[in-house]
Amino acid sequence: MFTDLVPPPAADDQHAHRPLGHPTLWFVIGGSVLGGIATAMFQPGTSSLVPQVSTDPTQANGVLRVSQGMATMAGPALAGVLVAATSTAWVFLIDAATFAISGVCLLALRLPRFAPDRSQSTLTNLREGWDEFRSRSWLWAVILIWWVLGVFVWGPLTPLGAASIIAEHGKAAFGYAEGAFGAGCVLGGLVAIRIRPVRPLLGGGFAMFLFPMMPLAAALAPALPLLMLGYAISGVGWAFWGVQWSTTVQTQIPEDRLNRVTAYEVGGSILAIPLGQVLSGPASSLVGVRPLLLAGAAISLGCALALVVVRPVRGLVRRDAGPSRDTGASPSAAKDGGS
(Lines give C-alpha, C1' and ligand atoms only; values in the text may rest on other atoms or scores of the structure.)
Protein backbone atom coordinates (compact mmCIF):
# COMPACT_ATOMS: atom_id res chain seq x y z
CA MET A 1 0.00 0.00 0.00
CA PHE A 2 3.03 2.27 0.45
CA THR A 3 3.43 2.32 -3.32
CA ASP A 4 0.54 4.77 -3.45
CA LEU A 5 2.82 7.34 -1.81
CA VAL A 6 5.52 6.99 -4.45
CA PRO A 7 5.04 9.26 -7.46
CA PRO A 8 5.18 7.54 -10.83
CA PRO A 9 8.41 8.03 -12.80
CA ALA A 10 8.50 10.73 -15.42
CA ALA A 11 8.08 9.74 -19.06
CA ASP A 12 11.75 10.44 -19.75
CA ASP A 13 12.79 8.20 -16.87
CA GLN A 14 10.58 5.41 -18.15
CA HIS A 15 12.18 5.66 -21.56
CA ALA A 16 15.68 5.82 -20.13
CA HIS A 17 15.17 2.72 -18.01
CA ARG A 18 13.29 0.73 -20.63
CA PRO A 19 14.74 -2.78 -20.27
CA LEU A 20 16.33 -4.55 -23.23
CA GLY A 21 13.75 -6.73 -24.94
CA HIS A 22 10.84 -4.27 -24.75
CA PRO A 23 10.96 -2.37 -28.07
CA THR A 24 8.43 0.23 -29.05
CA LEU A 25 5.40 -0.73 -31.11
CA TRP A 26 6.65 1.06 -34.22
CA PHE A 27 9.89 -0.92 -34.04
CA VAL A 28 7.99 -4.22 -33.87
CA ILE A 29 5.73 -3.23 -36.78
CA GLY A 30 8.66 -2.05 -38.87
CA GLY A 31 10.61 -5.23 -38.19
CA SER A 32 7.59 -7.32 -39.12
CA VAL A 33 7.19 -5.46 -42.41
CA LEU A 34 10.85 -5.99 -43.29
CA GLY A 35 10.61 -9.64 -42.28
CA GLY A 36 7.58 -10.10 -44.51
CA ILE A 37 9.36 -8.52 -47.48
CA ALA A 38 12.39 -10.73 -46.91
CA THR A 39 10.20 -13.84 -46.67
CA ALA A 40 8.41 -12.96 -49.90
CA MET A 41 11.78 -12.69 -51.66
CA PHE A 42 13.39 -15.68 -49.94
CA GLN A 43 10.85 -18.45 -50.36
CA PRO A 44 10.44 -18.42 -54.16
CA GLY A 45 14.21 -18.43 -54.54
CA THR A 46 14.82 -21.33 -52.18
CA SER A 47 11.99 -23.34 -53.72
CA SER A 48 13.59 -23.09 -57.14
CA LEU A 49 16.95 -24.10 -55.67
CA VAL A 50 15.76 -27.60 -54.77
CA PRO A 51 15.69 -28.98 -58.35
CA GLN A 52 19.11 -27.40 -58.97
CA VAL A 53 20.87 -29.03 -56.03
CA SER A 54 19.12 -32.42 -56.04
CA THR A 55 18.34 -35.01 -58.68
CA ASP A 56 15.54 -36.32 -56.43
CA PRO A 57 13.26 -33.42 -55.40
CA THR A 58 11.00 -35.71 -53.36
CA GLN A 59 13.88 -36.87 -51.21
CA ALA A 60 15.22 -33.32 -50.90
CA ASN A 61 11.85 -31.94 -49.82
CA GLY A 62 11.48 -34.82 -47.38
CA VAL A 63 14.83 -33.95 -45.83
CA LEU A 64 13.75 -30.31 -45.58
CA ARG A 65 10.56 -31.30 -43.74
CA VAL A 66 12.52 -33.55 -41.39
CA SER A 67 14.97 -30.76 -40.59
CA GLN A 68 12.13 -28.29 -40.03
CA GLY A 69 10.41 -30.78 -37.74
CA MET A 70 13.57 -31.32 -35.73
CA ALA A 71 13.95 -27.57 -35.36
CA THR A 72 10.35 -27.31 -34.18
CA MET A 73 11.03 -30.02 -31.60
CA ALA A 74 14.26 -28.53 -30.30
CA GLY A 75 13.30 -24.86 -30.60
CA PRO A 76 10.93 -24.50 -27.62
CA ALA A 77 13.23 -26.47 -25.30
CA LEU A 78 16.32 -24.53 -26.33
CA ALA A 79 14.48 -21.21 -26.06
CA GLY A 80 13.33 -22.09 -22.56
CA VAL A 81 16.87 -22.88 -21.46
CA LEU A 82 18.23 -19.68 -23.00
CA VAL A 83 15.50 -17.52 -21.45
CA ALA A 84 16.22 -19.02 -18.03
CA ALA A 85 19.99 -18.55 -18.45
CA THR A 86 19.97 -15.11 -20.11
CA SER A 87 16.92 -13.10 -21.16
CA THR A 88 14.25 -12.97 -23.85
CA ALA A 89 16.21 -10.28 -25.67
CA TRP A 90 19.22 -12.56 -26.04
CA VAL A 91 17.02 -15.34 -27.39
CA PHE A 92 15.69 -13.07 -30.13
CA LEU A 93 19.23 -11.89 -30.86
CA ILE A 94 20.42 -15.49 -31.27
CA ASP A 95 17.37 -16.22 -33.42
CA ALA A 96 18.28 -13.29 -35.68
CA ALA A 97 21.84 -14.58 -35.94
CA THR A 98 20.59 -17.92 -37.27
CA PHE A 99 19.08 -16.11 -40.26
CA ALA A 100 22.47 -14.56 -40.98
CA ILE A 101 24.07 -18.01 -40.80
CA SER A 102 21.42 -19.31 -43.21
CA GLY A 103 22.25 -16.51 -45.63
CA VAL A 104 25.96 -17.32 -45.48
CA CYS A 105 25.22 -20.99 -46.22
CA LEU A 106 23.13 -20.05 -49.24
CA LEU A 107 25.87 -17.75 -50.52
CA ALA A 108 28.31 -20.64 -50.25
CA LEU A 109 26.32 -22.74 -52.72
CA ARG A 110 28.06 -23.21 -56.05
CA LEU A 111 25.39 -23.25 -58.74
CA PRO A 112 25.48 -22.65 -62.51
CA ARG A 113 25.17 -18.97 -63.26
CA PHE A 114 21.70 -17.95 -64.39
CA ALA A 115 21.51 -15.07 -66.84
CA PRO A 116 18.10 -13.36 -66.64
CA ASP A 117 16.51 -11.82 -69.69
CA ARG A 118 17.21 -8.12 -69.15
CA SER A 119 15.13 -7.15 -72.17
CA GLN A 120 11.87 -7.85 -70.34
CA SER A 121 10.39 -5.42 -67.86
CA THR A 122 9.30 -6.39 -64.37
CA LEU A 123 5.69 -5.97 -65.43
CA THR A 124 6.22 -8.40 -68.31
CA ASN A 125 7.79 -10.93 -65.97
CA LEU A 126 4.87 -10.58 -63.57
CA ARG A 127 2.40 -11.03 -66.42
CA GLU A 128 4.16 -14.16 -67.66
CA GLY A 129 4.24 -15.57 -64.14
CA TRP A 130 0.53 -14.90 -63.75
CA ASP A 131 -0.25 -16.54 -67.10
CA GLU A 132 1.70 -19.62 -66.00
CA PHE A 133 -0.08 -19.63 -62.65
CA ARG A 134 -3.65 -19.26 -63.87
CA SER A 135 -3.18 -21.78 -66.70
CA ARG A 136 -2.82 -24.60 -64.17
CA SER A 137 -6.16 -25.29 -62.55
CA TRP A 138 -4.63 -27.70 -60.03
CA LEU A 139 -2.34 -24.91 -58.82
CA TRP A 140 -4.83 -22.12 -58.29
CA ALA A 141 -7.42 -24.56 -56.96
CA VAL A 142 -5.07 -25.58 -54.16
CA ILE A 143 -4.25 -21.92 -53.43
CA LEU A 144 -7.97 -21.14 -53.11
CA ILE A 145 -8.35 -24.04 -50.68
CA TRP A 146 -5.30 -22.77 -48.82
CA TRP A 147 -6.82 -19.33 -48.52
CA VAL A 148 -9.75 -20.83 -46.64
CA LEU A 149 -7.37 -22.88 -44.48
CA GLY A 150 -5.11 -19.88 -43.81
CA VAL A 151 -7.86 -17.45 -42.84
CA PHE A 152 -10.00 -19.79 -40.76
CA VAL A 153 -7.47 -22.32 -39.41
CA TRP A 154 -3.75 -21.54 -39.67
CA GLY A 155 -4.05 -17.85 -38.88
CA PRO A 156 -6.11 -18.22 -35.69
CA LEU A 157 -4.57 -21.54 -34.65
CA THR A 158 -1.40 -20.32 -32.93
CA PRO A 159 -2.87 -17.48 -30.82
CA LEU A 160 -6.10 -19.30 -30.02
CA GLY A 161 -4.40 -22.66 -29.48
CA ALA A 162 -1.89 -21.06 -27.14
CA ALA A 163 -4.67 -19.35 -25.18
CA SER A 164 -6.66 -22.57 -24.83
CA ILE A 165 -3.75 -24.82 -23.88
CA ILE A 166 -2.04 -22.36 -21.52
CA ALA A 167 -5.32 -21.69 -19.72
CA GLU A 168 -5.80 -25.42 -19.15
CA HIS A 169 -2.27 -26.76 -18.66
CA GLY A 170 0.15 -23.84 -18.35
CA LYS A 171 2.78 -22.35 -20.63
CA ALA A 172 5.04 -25.39 -20.75
CA ALA A 173 2.26 -27.55 -22.20
CA PHE A 174 2.03 -25.39 -25.30
CA GLY A 175 5.75 -25.85 -25.87
CA TYR A 176 5.37 -29.61 -25.47
CA ALA A 177 2.50 -29.61 -27.98
CA GLU A 178 4.53 -27.66 -30.53
CA GLY A 179 7.43 -30.06 -30.01
CA ALA A 180 5.10 -32.99 -30.62
CA PHE A 181 3.96 -31.36 -33.86
CA GLY A 182 7.61 -31.15 -34.88
CA ALA A 183 8.09 -34.84 -34.08
CA GLY A 184 5.11 -35.65 -36.28
CA CYS A 185 6.62 -33.58 -39.10
CA VAL A 186 9.84 -35.58 -38.83
CA LEU A 187 7.88 -38.82 -39.19
CA GLY A 188 5.75 -37.43 -42.02
CA GLY A 189 8.85 -36.29 -43.91
CA LEU A 190 10.46 -39.71 -43.57
CA VAL A 191 7.29 -41.44 -44.75
CA ALA A 192 7.08 -39.09 -47.75
CA ILE A 193 10.60 -40.06 -48.80
CA ARG A 194 9.60 -43.73 -48.87
CA ILE A 195 5.99 -43.55 -50.10
CA ARG A 196 5.57 -41.73 -53.41
CA PRO A 197 1.98 -41.82 -54.66
CA VAL A 198 1.37 -41.79 -58.40
CA ARG A 199 -1.08 -38.94 -57.83
CA PRO A 200 0.86 -36.87 -55.30
CA LEU A 201 -1.76 -34.24 -54.53
CA LEU A 202 -4.40 -36.92 -54.03
CA GLY A 203 -2.08 -38.79 -51.66
CA GLY A 204 -1.21 -35.58 -49.89
CA GLY A 205 -4.89 -34.70 -49.66
CA PHE A 206 -5.64 -37.97 -47.88
CA ALA A 207 -2.78 -37.24 -45.48
CA MET A 208 -4.35 -33.86 -44.73
CA PHE A 209 -7.27 -35.66 -43.09
CA LEU A 210 -4.86 -36.03 -40.14
CA PHE A 211 -4.32 -32.28 -39.83
CA PRO A 212 -7.63 -31.43 -38.06
CA MET A 213 -6.31 -33.27 -35.01
CA MET A 214 -4.30 -30.17 -34.06
CA PRO A 215 -7.13 -27.61 -33.86
CA LEU A 216 -9.32 -30.30 -32.30
CA ALA A 217 -6.73 -31.08 -29.62
CA ALA A 218 -6.18 -27.37 -28.99
CA ALA A 219 -9.93 -26.84 -28.56
CA LEU A 220 -10.50 -29.77 -26.22
CA ALA A 221 -7.16 -29.34 -24.36
CA PRO A 222 -7.24 -32.94 -23.06
CA ALA A 223 -4.64 -34.51 -20.76
CA LEU A 224 -1.11 -33.64 -21.88
CA PRO A 225 -0.29 -37.05 -23.48
CA LEU A 226 -3.46 -36.90 -25.61
CA LEU A 227 -2.81 -33.28 -26.48
CA MET A 228 0.69 -34.11 -27.69
CA LEU A 229 -0.60 -37.13 -29.60
CA GLY A 230 -3.11 -34.97 -31.45
CA TYR A 231 -0.43 -32.47 -32.41
CA ALA A 232 1.95 -35.24 -33.50
CA ILE A 233 -0.66 -36.93 -35.72
CA SER A 234 -1.41 -33.57 -37.29
CA GLY A 235 2.29 -33.01 -37.98
CA VAL A 236 2.54 -36.32 -39.87
CA GLY A 237 -0.23 -35.31 -42.27
CA TRP A 238 1.05 -31.77 -42.67
CA ALA A 239 4.62 -32.82 -43.53
CA PHE A 240 3.50 -35.54 -45.96
CA TRP A 241 1.29 -33.07 -47.81
CA GLY A 242 4.07 -30.47 -47.82
CA VAL A 243 6.51 -32.82 -49.53
CA GLN A 244 3.95 -33.80 -52.18
CA TRP A 245 3.00 -30.19 -52.85
CA SER A 246 6.54 -28.80 -53.05
CA THR A 247 7.72 -31.62 -55.29
CA THR A 248 4.71 -31.22 -57.58
CA VAL A 249 5.27 -27.50 -58.04
CA GLN A 250 9.00 -27.97 -58.64
CA THR A 251 8.57 -30.75 -61.20
CA GLN A 252 5.47 -29.52 -63.06
CA ILE A 253 6.60 -25.92 -63.62
CA PRO A 254 9.35 -25.20 -66.18
CA GLU A 255 12.58 -24.35 -64.39
CA ASP A 256 12.98 -20.96 -66.07
CA ARG A 257 9.54 -19.87 -64.80
CA LEU A 258 9.49 -21.57 -61.43
CA ASN A 259 10.50 -18.47 -59.45
CA ARG A 260 7.72 -16.33 -60.87
CA VAL A 261 5.03 -18.98 -60.43
CA THR A 262 6.22 -19.78 -56.91
CA ALA A 263 6.02 -16.09 -56.04
CA TYR A 264 2.28 -16.14 -56.79
CA GLU A 265 1.90 -19.46 -55.00
CA VAL A 266 3.70 -18.25 -51.86
CA GLY A 267 1.93 -14.89 -51.88
CA GLY A 268 -1.45 -16.55 -52.23
CA SER A 269 -0.87 -19.01 -49.41
CA ILE A 270 0.94 -16.74 -46.92
CA LEU A 271 -1.22 -13.62 -47.11
CA ALA A 272 -4.20 -15.50 -45.73
CA ILE A 273 -2.45 -16.29 -42.43
CA PRO A 274 -2.00 -12.72 -41.10
CA LEU A 275 -5.57 -11.95 -42.16
CA GLY A 276 -6.75 -14.89 -40.06
CA GLN A 277 -4.63 -13.73 -37.12
CA VAL A 278 -6.12 -10.25 -37.28
CA LEU A 279 -9.67 -11.60 -37.40
CA SER A 280 -9.11 -14.17 -34.65
CA GLY A 281 -9.01 -11.57 -31.86
CA PRO A 282 -12.40 -9.94 -32.48
CA ALA A 283 -13.95 -13.28 -33.43
CA SER A 284 -12.82 -14.95 -30.20
CA SER A 285 -14.29 -12.06 -28.21
CA LEU A 286 -17.64 -12.66 -29.90
CA VAL A 287 -17.92 -16.45 -29.89
CA GLY A 288 -15.09 -17.68 -27.65
CA VAL A 289 -11.79 -19.47 -28.18
CA ARG A 290 -13.00 -23.06 -28.06
CA PRO A 291 -15.86 -22.68 -30.59
CA LEU A 292 -13.46 -21.05 -33.05
CA LEU A 293 -10.95 -23.87 -32.69
CA LEU A 294 -13.68 -26.47 -33.15
CA ALA A 295 -14.85 -24.61 -36.25
CA GLY A 296 -11.25 -24.61 -37.45
CA ALA A 297 -11.10 -28.39 -37.07
CA ALA A 298 -14.29 -28.77 -39.12
CA ILE A 299 -13.07 -26.34 -41.80
CA SER A 300 -9.69 -28.06 -42.11
CA LEU A 301 -11.53 -31.35 -42.56
CA GLY A 302 -13.53 -29.72 -45.35
CA CYS A 303 -10.33 -28.45 -46.97
CA ALA A 304 -8.85 -31.95 -46.93
CA LEU A 305 -12.04 -33.25 -48.54
CA ALA A 306 -11.78 -30.58 -51.23
CA LEU A 307 -8.23 -31.68 -52.06
CA VAL A 308 -9.38 -35.21 -52.85
CA VAL A 309 -12.60 -34.18 -54.61
CA VAL A 310 -11.53 -31.33 -56.91
CA ARG A 311 -10.79 -33.04 -60.24
CA PRO A 312 -7.64 -31.19 -61.40
CA VAL A 313 -6.05 -31.66 -57.97
CA ARG A 314 -6.82 -35.33 -57.45
CA GLY A 315 -6.14 -36.21 -61.09
CA LEU A 316 -2.66 -34.74 -61.45
CA VAL A 317 -0.10 -37.50 -62.07
CA ARG A 318 3.45 -37.38 -60.82
CA ARG A 319 5.69 -36.20 -63.61
CA ASP A 320 7.68 -39.43 -63.88
CA ALA A 321 4.63 -41.70 -63.46
CA GLY A 322 3.26 -41.92 -67.00
CA PRO A 323 0.49 -40.13 -68.94
CA SER A 324 -2.15 -38.13 -67.08
CA ARG A 325 -5.69 -39.41 -67.48
CA ASP A 326 -7.18 -35.98 -66.89
CA THR A 327 -5.24 -34.05 -69.51
CA GLY A 328 -4.56 -36.78 -72.04
CA ALA A 329 -0.99 -35.55 -72.18
CA SER A 330 2.34 -36.47 -70.78
CA PRO A 331 2.71 -35.41 -67.15
CA SER A 332 5.74 -33.43 -68.23
CA ALA A 333 3.45 -31.00 -69.98
CA ALA A 334 3.68 -27.56 -68.42
CA LYS A 335 -0.04 -26.82 -68.37
CA ASP A 336 -3.15 -28.81 -67.56
CA GLY A 337 -5.36 -26.86 -69.91
CA GLY A 338 -7.64 -25.71 -67.10
CA SER A 339 -9.20 -29.16 -66.77
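1. Basis. Because the model is predicted, local features need pLDDT of at least 70 and side-chain atom pairs count only at pLDDT 80 or more, while totals for chains, interfaces and linings use all residues. Residues are numbered from 1 along each chain as its sequence is written, and side-chain values use heavy atoms, with hydrogens and water left out.

2. Fold. The protein chain has 14 helices and zero strands (DSSP runs numbered from the N terminus: H or I of at least four residues for helices, E of at least two for strands). Of its 339 residues, 36% are buried (under 20% relative accessible area; exposed is over 50% and partly exposed in between, with a 1.4 Å probe and protein chains only). Among contacts (heavy atoms within 4.5 Å) between residues at least 6 apart in sequence, 82% join residues at least 24 apart.

3. Aromatic pairs. The whole structure holds 13 aromatic pairs (ring centres of Phe, Tyr or Trp, the last by its six-membered ring, within 6.5 Å; planes under 30 degrees apart are stacked, over 60 edge-to-face, the rest tilted). Phe-133 and Tyr-264 make a tilted pair, 6.0 Å centre to centre with 35° between the planes. Phe-133 sits in helix 5 (residues 122-134) and Tyr-264 in helix 11, 131 residues apart. Phe-133 is buried because its relative accessible area is 6%, whereas Tyr-264, at 26%, is partly exposed.

4. Tryptophans. Trp-138 and Trp-245 form an edge-to-face pair, 5.9 Å centre to centre and 75° between the planes. Trp-138 belongs to helix 6 and Trp-245 to helix 10, so the pair ties together parts 107 residues apart in sequence. Both residues are buried. They also belong to one aromatic cluster, which includes Trp-146, Trp-154 and Phe-181.

5. Helix 9. In helix 9 (residues 213-220), the buried residues are Met-214, Pro-215, Ala-217, Ala-218 and Ala-219. Their cover includes helix 6 (137-169), helix 7 (171-194), helix 10 and helix 13 (289-309).

6. Arg-257. This residue lies in the loop between helix 10 (224-252) and helix 11 (258-270). Arg-257 is partly exposed because its relative accessibility is 31%. Its C-alpha atom is 8.3 Å from that of Glu-128, 129 residues apart along the chain.

7. Val-33. Val-33 is placed in helix 2 (residues 25-53). It counts as partly exposed because its relative accessible area is 47%.
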